[in-house]
Amino acid sequence: MNQKFFIKTFGCQMNVADSERMAALLGALGMEPAETIDQAQVIIINGCSVREKAVHKAVSSLGELQVLKRSPGRIGGAPIIGMGGCVGQLDKNTLFKRAPYLDFVFGTDTIDNLPEIIHRVRSGERHVIYTDFDQSMDYSTETKLYSASAQAFVNIMKGCDKYCTYCIVPYTRGREKSRTIDEVVSDIARLVATGVREVTLLGQNVNSFGKGNPNSAQREPRALHNVIGKVGPKEGEENFPQLLRAIDSDPRCAALKRIRFTSSHPLDFSEELLECYAPAEQGGVARLASQLHLPVQSGSNLVLQKMGRHHKIETYFSQMERLRKLQSDVGLSTDLIVGFPTETDEDFQATLDLLDRVQYDSIFAFAYSPRPGTRAAKMPDDISNAIKNERLNILLKHQLKISERRNSACVGKRMEILVEGEAKNQNMAAEQISGRVWTGRAGSNHVVNFLIPAEAGLHENPAGKFVTLEITGSTSLSLQGKLNPESSHFS
Ligand code: SAM
Ligand code: SF4
């Protein structure tokens, strides 16, 4: 019987992509994914450090594993247990003391060492640790996918040089480095040949992609202009709009339908990147999804300054307004932090005003959590947890109303969605005739659920296929769509 592995992932899409890579590496050792943690011989916690709560979750889930080490009758014997991700990187010196039964710790830059680490633990070594940062100036890799899917995350850069005052990421993921455009395009072409139809380009700040890479292919645009001034890649270096255009125009990527990216920073959001959102006939990037996640963090200039974001809220508004002019239906989302040190009621009100002005489709909002070693951790954490939670609730409720309104305005439109799988909630089926409810995402990133009636006689699994739906209903979180019974649906 093949050995089994179980990976528990916390945190952002970067961690999700890292876990997929770990799974592919373990798969190459002949291992299979376990359905439950009890069946696994190798267990990995991929932890997130971005907020204290997240670290706590990862470390306490480690505590729950101790019992598995001590179960005498366990099939496959005692499991090997490892901690990775940002928690492994940052807490490397304390994890073995806290959890002596832990077998190995690895970091964000040593995932590819996993087969060697497992071999060393199996050979009897205790407390194996791999957390060095790769010191080379270049970043070269190949995307590894464990399961065949129509969607893929593709790391295009790693690390972050922005050092926002609240953020731990520059300490857990190291300095910013980008792959070359040639390498990323060939990587995506290879994925497309295996059936991938949508890629999400990943990095902490993808729009500063290319910094330090010589633009030897003389690609356009040669220089970037942003509202703030000169940041990111310089003239003569590769840049993000060049990458989008190179993927879009490469004949090997012709079967690719959508390009998404996350995350980005307003400081590096150049005019040239905005132009990629123009209609294709006016020089835009045809396959760029009509969606943007542009974290803003606060609506108050004073707070933005203390956060070290280096831009004014007015600049952000002009970027958003320009984008809406290019694509009125663009799906917008952002990240926000409430309760940052010194945040007043007026500062918080400015964040609520920001929501009204930008009209996001969705937001990710967090209560400020001081992270040891960051500049903000030296400021007094003077907003009580009660006020942080109160502001968070007000903010989320405020956005819910906006999302509800925006989603209801989608009713009557037609949207092309990429089907992701069966919906967890099958309620739609109960209201109508029998069948299964499926779920997918539109280019704008709206979640759309739809029913395939049993009588339609469609027995195949539509996951990974595109279908155009008429939007017939909405809630604050998702849309409902309807298949056109006359046409052949899935492509
Ligand atoms: N690089 C991305 C960016 O700049 O938007 C994502 C960074 S982080 C993984 C995702 C989000 O977590 C941030 O945008 C921010 O809103 C939030 N975050 C980061 N540090 C935080 C902290 N100390 N307390 C609360 N939220 C935090
Ligand atoms: Fe953290 Fe700021 Fe870098 Fe995003 S841009 S990862 S918030 S330091």
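This report covers the ligand sites, aromatic pairs and backbone features of one predicted model.

## Ligand 1

Ligand 1 has 14 residues around it. Gln-204, Pro-295, Gln-297, Asp-335 and Ser-369 come nearest. By class, this shell holds seven nonpolar, four polar and three charged residues. Two strands, β13 (331–338) and β14 (362–367), each contribute at least two residues to the shell.

The side chain of Asp-335 places a polar atom 2.6 Å from an oxygen atom of ligand 1. A polar backbone atom of Gln-204 lies 2.7 Å from a nitrogen atom of the ligand. Arg-51 has an N or O atom in its side chain 3.2 Å from an oxygen atom of ligand 1. On its own, ligand 1 has 550 Å² of accessible area, and the protein covers 91% of that.

Gln-297 sits in the loop between β12 (291–293) and α10 (301–306). Its phi is positive, about 75 degrees, although Gln-297 is not a glycine. Gln-297 counts as buried because its relative accessibility is 7%, and the cut-off is under 20%.

## Ligand 2

Ligand 2 is surrounded by Cys-160, Lys-162, Tyr-163, Cys-164, Tyr-166, Cys-167, Val-169, Pro-170, Gln-204, His-265 and Arg-309. By class, that shell has seven nonpolar, two polar and two charged residues.

## Aromatic pairs

The structure holds seven aromatic pairs. Two are set out below.

| Pair | Centre to centre | Angle between planes | Geometry |
|---|---|---|---|
| Tyr-166 and Phe-340 | 6.4 Å | 85 degrees | edge-to-face |
| Phe-450 and Phe-490 | 6.4 Å | 40 degrees | tilted |

The Tyr-166 and Phe-340 pair links distant parts of the chain, 174 residues apart. Tyr-166 belongs to the loop between β8 (157–158) and α6 (169–173). Phe-340 belongs to the loop between β13 and α12 (345–358). Both residues are buried. Together with Tyr-368 they form one aromatic cluster.

The Phe-450 and Phe-490 pair also links distant parts of the chain, here 40 residues apart. Phe-450 is in strand β17 (residues 447–453). Phe-490 is in the segment after β19 (479–482). Phe-450 has 0% relative accessibility, so it counts as buried. Phe-490 has 19%, and it counts as buried because the cut-off is under 20%.

## Helix α1

Helix α1 spans residues 13–28, 16 residues in total. From its first C-alpha to its last it reaches 23 Å, close to the 22 Å expected at 1.5 Å a residue. Its buried residues are Met-14, Asn-15, Ala-17, Asp-18, Ser-19, Arg-21, Met-22, Ala-23, Ala-24, Leu-25 and Leu-26. Gly-30 follows α1 and has a positive phi, near 90 degrees.

## Loops and backbone geometry

Which peptide bonds are cis? One runs from Glu-220 to Pro-221, with omega near -10 degrees. Pro-221 is in the loop between β10 (198–202) and α8. Another runs from Thr-262 to Ser-263, with omega near 0 degrees. Ser-263 lies in the loop between β11 and α9 (271–275).

His-127 has a positive phi of about 50 degrees, and it is not a glycine. This residue is in the loop between α5 (114–122) and β6 (128–130). Is His-127 buried or partly exposed? Its relative accessible area is 25%, so His-127 is partly exposed.

Asp-250 occupies the loop between α8 (240–249) and β11 (258–262). At 15% relative accessibility, Asp-250 counts as buried. Its side chain reaches the backbone nitrogen of Arg-252 at 2.8 Å.

Definitions and conventions:
Residues numbered from 1 in each chain as written. Chains lettered and ligands numbered in written order. Predicted model: local features only at pLDDT ≥ 70, side-chain atom pairs only at ≥ 80, totals over all residues. Heavy atoms only, no water. Near = heavy atom within 4 Å. Polar contact = N/O pair within 3.5 Å; in protein donor to acceptor, adjacent residues only side chain to side chain. Areas by Shrake-Rupley, 256 points an atom, 1.4 Å probe, with all protein chains shown as cover. Helix = DSSP H or I, 4+ residues; strand = E, 2+ residues; numbered from the N terminus. Nonpolar A, V, L, I, M, F, W, Y, C, P; charged D, E, K, R; others polar. Buried < 20%, exposed > 50% of the residue type's maximum accessible area, 1.4 Å probe, protein only. Expected span 1.5 Å × (residues − 1). Phe/Tyr/Trp six-rings, centres within 6.5 Å; stacked < 30°, edge-to-face > 60°.
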